Amino acid sequence: MKEDRFSWKTIVLPLLVLLLTVALWQAIIVVSGLEPYILPGPWDVGKTMWQRGGSLFLYSFRTGMVAISGFLISVVLGVSVSLLFSQSSIIRQSGYPYAIFFQTVPIVAVAPLVIAIFGYGVLSVIVVTTMISLFPIITATTTGLITVDQGLLDLFRVNKATRWQILWKLQFPGAIRYLLTGMKTSAGLAVVGAIVGEFFAGHSSGHQGLGYFILVSQNQINTTSLFAGTICSTLLGVVVFATISLLGRLLLWRWAGEG
């Protein structure tokens with residue numbers, strides 16, 4: 001299916017939704033009469049973000065670096081595992097259930113084990129980020145690698161193409177679109193994983209990110225800062241998603257077909 005082209009609607013329509021959301025937010029405060037420490041207004045949250053912009057940017061930058069590190073490791077591991085799965089149905093049927101099992105294990109249950117092995121700090125946060133963002137890469141890339149046009153596959157075999165030639169010239173180019181889809185999904189999950197990892201392992205490392213900021217705001221019952229941290233987390237997710245999408249298109253345009 002042809003992707004939507006960039007137009008004025010790409011910017012204007014989301015902005016309209018944002019304005020409506022802010023208006024609804026303010027209306028809820030006026031109608032409900034909730035105290036600011038329970039539900040602060042958009043003006044108070046915006047003021048806090050402006051006053052603490054420097055520290056919030058630093059927290060966001062640290063979390064973003066961890067998210068990108070975990071994401072890149074997920075891409076390398078995910079593509080490697082997918083290439084292995086694509087070479088044999090026996091290997092795929094033997095290993096795929098464990099990939100699903102790995103994804104379904106609650107990160108809350110695994111986090112203490114990760115900390116026990118890697119200790120408190122950035123390394124454990126990157127491990128948690130990788131665990132959360134790995135599965136979409138494996139599923140999407142494996143699907144792309146094994147979904148090969150049978151006619152083209154027969155043509156390669158008739159011309160006595162080697163397994164490597166079939167993989168590199170037929171299977172991998174066909175899997176690029178699937179890989180890009182998996183990367184977009186993993187990009188958002190990487191930010192979630194980084195913040196969740198900071199909740200458990202990053203708050204005492206001296207490399208505090210948004211997870212630490214949100215956790216401290218919660219402990220101090222500072223709802224305005226809590227909202228500010230949450231909004232920064234959302235914006236960071238959008239930035240990482242857009243960056244990965246753009247880089248994916250630029251670096252893989254040869255196989256993706258559209259730049």
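Select the charged side chains to begin: the mean positions of the 15 positive and 8 negative charges of the chain lie 11 Å apart. Lys and Arg are counted as positive, Asp and Glu as negative, with His and the chain ends left out; each charge is placed at NZ of Lys, CZ of Arg, CG of Asp or CD of Glu. This is a predicted model, in which local features need pLDDT of at least 70, side-chain atom pairs count only at pLDDT 80 or more, and totals for chains, interfaces and linings use all residues. Residues are numbered from 1 along each chain as its sequence is written, and side-chain values use heavy atoms, without hydrogens and water.

Next, show the whole chain as a cartoon. It has 11 helices and zero strands (DSSP runs, H or I of at least four residues for helices, E of at least two for strands, numbered from the N terminus). The C-alpha trace spans about 75 × 50 × 30 Å along its principal axes. Of the 259 residues, 39% are buried (under 20% relative accessible area; exposed is over 50%, partly exposed in between; 1.4 Å probe, protein chains only).

Now select helix H2, residues 42-51. Its buried residues are Pro42, Val45 and Thr48. They cover an arc of only 125° around the axis, so they sit on the same side of H2 (the arc is that of the directions from the helix axis to the C-beta atoms). Turn to the other side of H2 to find Trp43, Trp50 and Gln51 exposed.
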